[in-house]
Amino acid sequence: MSFRLGYACINQTLNTKKKKERVTTNRSMIKRTFLEKGLPYASELIEKNSEDLLKILKWNEEHGITLYRMSSDITPWASEYQFEDLPGFDKILSNFQKAGDYAKAHGHRLSFHPGAFCCLASSNEKVVRNAVTDLNIHGKIMDMLNQPRNHNAKINIHVGGAYGDPTSAIARFCRNFDRLSEATKTRLTLENDDKKNMYSVKMLYDGAFKVTGIPIVFDYHHHKFCTGGMSEHEALSMAASTWGNVVPTCHYSESRSLEKNIKCNPTAHSDYVYNKINDYGYNLDIVLEAKAKELAIFKYRELHGCENKLIKVA
């Protein structure tokens, strides 16, 4: 069949320009700076980040890349204020709307992947409250981007922990899922883990999808370390079956230890990917989680003779 390749967060080409010309959505600050400079400075950073989001999407379009994971750093310290209280909110909203409308007009698919601290499975109520707050911020940003309230605009996370009792933990996850806003619930997806004592595709399917209907993002690299007794083909097929009419999203990376021939954690991601990706006959959207970002897409096209944004598999 065929698949699109995308990348995550930082555009290496645009980010390495001279400081004044640098294009990035990762402008942030430490908490001390936020406490000293407050909402005006936060607003200034977000305004610049939201302006540069459109620049990145236009660059992506020029280079045949229509799948892009946005950085959660685009709105630094957003849990500490309401967007509407920012002095530059009107401009920020306008910037987000322009970027989102551009993405829709050109067939780009945008997503988020909040960090590991978003743990809805935690038994600690404070951790869960913080996770709900953070995830709902991502849902609100997707709304400001005029993105659909469905899994085309996914907000992807992990269950977040097994705590020695994965059955109880995933049940807590499902209960806490109901605490999310509609803007978040309608977009949330779950990803399989890379540790044997965590969540395989099969565990996510039985413990979360059957209860909540949350689609599963299949991570090829993670599956090697947490198979759940399934082959790669079987696990991908199961994950793909959870997406309904939406094109399934997958993650792909390779081991840094093999790429560099060095001793390191085998789950660490490589700079580039070299093997031909097997889509097993599915139409997929695949985010490359290689450290070289968009450069890894160019390398893949070069290695496998792919010129177009839609890579067809014989």
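This is a predicted model: local features need pLDDT of at least 70, side-chain atom pairs count only at pLDDT 80 or more; totals for chains, interfaces and linings use all residues.
Contact here means that heavy atoms lie within 4.5 Å of each other, and in that sense V201, K202 and Y205 of helix α7 meet A235, M238 and A239 of helix α9.

**Helices α7 and α9**

- Helix α7, which spans residues 201-212, packs against helix α9, residues 232-240, at an angle of about 30°, and the two axes are 9 Å apart.
- Because angles under 35 degrees count as roughly parallel, α7 and α9 are therefore described as roughly parallel to each other.
- The crossing that α7 makes with α9 is left-handed.
- Sorted by class, the contact of α7 with α9 holds five nonpolar residues and one charged residue, with no polar residues.

**Helices α2 and α3**

- Helix α2 covers residues 31-62 and helix α3 covers residues 89-105; their axes come within 9 Å and cross at roughly 15°.
- That angle makes α2 roughly parallel to α3, and the crossing of these two helices is left-handed.
- On the α2 side, the residues in contact are S43, I46, E47, S50, E51, L53, L54, L57, K58 and E61, while α3 contributes F89, K91, I92, N95, F96, K98, A99, Y102 and A103.
- The residues of this contact between α2 and α3 comprise 10 nonpolar, three polar and six charged.

- About 390 Å³ of space lies in the second largest pocket.
- This second largest pocket is lined by 15 residues, and W77, A78, S79, F117 and D134 are the closest to its centre.
- Seven polar, five nonpolar and three charged residues make up the lining of the second largest pocket.

**The cavity**

- When the whole structure is searched for cavities of 30 Å³ or more, one is found, and the largest cavity has a volume of about 30 Å³.
- The residues that line the largest cavity are L67, Y68, R109, L110, S111, N152, K154 and T249.
- Two elements, β2 (67-69) and β3 (109-111), each give two or more residues to the lining of the largest cavity, and β3 supplies the largest share of that lining, with three residues.
- By class, the lining of the largest cavity divides into three nonpolar, three polar and two charged residues.

Methods
Residues are numbered from 1 along each chain as its sequence is written. Side-chain values use heavy atoms; hydrogens and water are left out. On a 1 Å grid over the protein atoms alone, a cavity is a set of points where a 1.4 Å probe fits but cannot get out, and a pocket is an open set with protein on both sides within 12 Å along at least five of seven lines; lining residues have an atom within 4 Å of a point. Grid points are joined across faces, edges and corners, and a volume is the space filled by probe spheres set on the points. Ala, Val, Leu, Ile, Met, Phe, Trp, Tyr, Cys and Pro count as nonpolar, Asp, Glu, Lys and Arg as charged, and the others, Gly among them, as polar. Axes are lines fitted to C-alpha atoms, for helices over the stretch in contact, and angles run from 0 to 180 degrees between N-to-C directions. Helices (H or I, at least four residues) and strands (E, at least two) are DSSP runs, numbered from the N terminus. Angles under 35 degrees count as roughly parallel, over 145 as roughly antiparallel, 65 to 115 as roughly perpendicular and the rest as oblique. A crossing is left-handed if the near helix is turned anticlockwise from the far one by less than a right angle, and right-handed if clockwise.
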